[in-house]
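This report covers the overall fold first.

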Amino acid sequence: MNKKRKFKLSFPVEIINWDGRSVSLKSDREIAAQLEQLADAGISTVMPAGLHREEPLAFDLSKAAVRIGKIIRHYGFEISSHHCLLPVFAPLAESQTRVRQIMEETVRFCNQLGAATMVFHPGRISGRHSDVLSIFAGFEHEAAAHGVTRIIETAAGNLRYMAEKGAAADMRIALENVGKFEPLADIGLLPELVKTADMANIGFCVDSGHAHAFGESVPQWIKLAGNKLFETHFHDNHAALAGVTLPGAFIQSSKSSDEHLFPGSGTIPWDETVKALLEINYSGAVTFEVTVKPDADALSRYRKIIDWWRLVEAEAQKNIITG
Ligand SMILES: [Zn+2]
């Protein structure tokens, strides 16, 4: 086991505005302000987030990728991944061509941005969704008509197409566990989707909060992903849905169930989580998917998370060394 490791730490940088009608880009100044704060906190890796491919875009994708990539490089940051949203399959009786086209455009966007890993939710049906209920309804309609296995095969086929486009540029797809907040995203179905896709550059982003909210074990998720763990989203909660019988197949995410607390503020076993990362010899970034308000206290909030992580990380390794 690799001892005395210090994981690379990464934080989100928001690049997108969403007004309910179209997706627009944040200004250079807004993006730079976030980067300056992270640089002050001693961070050198970021996760640009927010591109939403189910909605109309108010900007040119390619120009945006080049522009944002330039700002990020100007401040000397590495990119752990780009977190986006996109359709993974169209209704099974329809052509999958438009979904694949969006996937291909997204690969190009991430490549031009300088993000070698793309993270997205694995079970979204094509179309504009005013809320997540329409994603649930679309999935359930297809599942009733064709069965979940056929949906997985179709989604896996589209993902393989996307992964082949990405492989040429050494790019990876990390599918994020979203528990029962979205389809194909829990510890039962997401591993099946990744296995069916069967591509070296298709793996996982383990979101600690989405797992823990439903009582799925975060360390178990990490070990299950193993060498296919490409990215992490770490935040905390109090496992509000563990052992709860859900009213349906899915449940809408809410602030009470998916609290997105700073890590260490909920009940996730972080010591075991660090040990699992060490056990699989994880070489990627520990990305904290938390919102830090850009006010006068932002710097101290970033530092609090970083200091807390370094302590947990050191303690976990001390325990291993002393047995
Ligand atoms: Zn996440």
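## Burial and overall fold

A residue counts as buried if 20 or more other C-beta atoms lie within 10 Å of its own. By that cut-off, 44% of the 323 residues in the protein chain are buried. The model is predicted.

The protein chain holds ten helices and eleven strands. The C-alpha trace spans about 55 × 45 × 35 Å along its principal axes. Take the contacts with a separation of 6 or more: 83% of them join residues 24 or more positions apart.

## Helix α5

Helix α5 covers residues 148-167. Its 20 residues should span 28 Å at 1.5 Å a residue, and the end C-alpha atoms lie 27 Å apart, which agrees.

The buried residues of α5 are I151, I152, T154, A155, A156, N158, L159, M162, A163 and G166.

## The α5 and α6 pair

Two packed helices are described by the angle between their axes and the distance between the axes. For α5 and α6, the axes come within 8 Å and cross at roughly 55°. That angle makes α5 oblique to α6. The crossing is right-handed.

Which residues meet here? From α5 come I152, E153, A155, A156, L159 and R160. From α6 come E192, L193, T196 and A197.

Technical notes. Residues are numbered from 1 along each chain as its sequence is written. This is a predicted model: local features need pLDDT of at least 70, side-chain atom pairs count only at pLDDT 80 or more; totals for chains, interfaces and linings use all residues. Helices (H or I, at least four residues) and strands (E, at least two) are DSSP runs, numbered from the N terminus. A residue is buried if 20 or more other C-beta atoms lie within 10 Å of its own, exposed if 12 or fewer, and partly exposed in between; C-beta atoms are placed from the backbone. Two residues are in contact if their C-beta atoms, placed from the backbone, lie within 7 Å. The expected span of a helix is 1.5 Å times one less than its number of residues. Axes are lines fitted to C-alpha atoms, for helices over the stretch in contact, and angles run from 0 to 180 degrees between N-to-C directions. Angles under 35 degrees count as roughly parallel, over 145 as roughly antiparallel, 65 to 115 as roughly perpendicular and the rest as oblique. A crossing is left-handed if the near helix is turned anticlockwise from the far one by less than a right angle, and right-handed if clockwise.
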